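Work through these exercises with the model open beside you. Try each task before reading its solution.

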Amino acid sequence: MNSDIARHFSLRLLAPFFLFLGKIFSGSREYFEKKIVKLNNDTVRSGKFRGLIVLLPHCLQFDACPHRVTTDILNCKSCGKCDIADILKIEEKFDIIVKIATGGRLAKKWVEENRSELVVAVACERELCEGILAVYPTKVFAIPNIRPMGPCINTKVNINDLKTAIEKFLEKS
């Protein structure tokens, strides 16, 4: 099946159905959100893209950091208490745009303004699902964050997964 048709089917029919099931079967929501992210990623995995934007949640920043990166990621002082410094190295190496979103509306605005062919997004499964559906038909490769302290505080991202995804999608055809 053509990946665009599979993606359309997954996001327009299966995703809403899975979200509905997640509401009916309380406690299963995260399970269904993970399924949506996997279905989406499976349909995006094969493409090559001329440009991409990386969107990150603000909860990746160390919560007690005095140098807020939500307005400008370059405010990071590379102290090593969070993953932002490593992400800045990736941004510089690949010459890509990296933005930190404080919410879904701002993330959607950056996607619309940037007009990249692909968004590589890091967030919790819930936010990833909402974002994937909100910016459709723009392609999104979703990387779930790691939540060692619970949701929305001092989250992390697997830097190797992020770097590998960017390398793969920026390969020259």
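**Exercise 1. Classify Lys 48 by its relative accessible area, then locate it.**

Solution. Lys 48 has a relative accessible area of 34%. Buried means under 20%, exposed over 50%, and partly exposed in between (1.4 Å probe, protein chains only). Lys 48 is therefore partly exposed. Its place is the loop between H2 and strand S1 (52-57). Helices (H or I, at least four residues) and strands (E, at least two) are DSSP runs, numbered from the N terminus. Now take Lys 109, 61 residues from Lys 48 along the chain: the C-alpha atoms of the two are separated by 23 Å.

A note on the source: this is a predicted model, where local features need pLDDT of at least 70, side-chain atom pairs count only at pLDDT 80 or more, and totals for chains, interfaces and linings use all residues. Residues are numbered from 1 along each chain as its sequence is written, and side-chain values use heavy atoms, with hydrogens and water left out.

**Exercise 2. Decide whether Arg 7 is buried or exposed, and list its contacts.**

Solution. Start with the location: Arg 7 sits in helix H1 (residues 3-24). Its relative accessible area is 4%, so Arg 7 is buried. Next, set aside neighbours within four places in sequence. Arg 7 then contacts Asn 40, Thr 43, Val 44, Tyr 136, Pro 137, Thr 138, Lys 139 and Val 140. Contact means heavy atoms within 4.5 Å.

**Exercise 3. Describe how H2 and H5 pack.**

Solution. Two packed helices are described by the angle between their axes and the distance between the axes. Helix H2 (residues 29-44) and helix H5 (residues 125-135) pack at about 50°, with axes 9 Å apart. That makes H2 oblique to H5. (Under 35 degrees is roughly parallel, over 145 roughly antiparallel, 65 to 115 roughly perpendicular, the rest oblique.) Then find the residues. H2 contributes Arg 29, Glu 30, Glu 33, Lys 34, Ile 36, Val 37 and Asn 40. H5 contributes Glu 125, Arg 126, Leu 128, Cys 129 and Ile 132.

**Exercise 4. Give the strand order of the open sheet and name its edge strands.**

Solution. The sheet has 4 strands, in the order S2-S1-S3-S4, with parallel pairing. Two strands pair if DSSP finds at least two bridges between them. The edges are strand S2 (97-101) and strand S4 (139-144), and each pairs on one side only. Look at strand S3 (residues 118-123): S3 and S4 pair over 6 bridges. Val 119 stands opposite Val 140 in S4. Finally, H5 lies across S3 and S4, running at about 180° to S4.

Definitions and conventions: Axes are lines fitted to C-alpha atoms, for helices over the stretch in contact, and angles run from 0 to 180 degrees between N-to-C directions.
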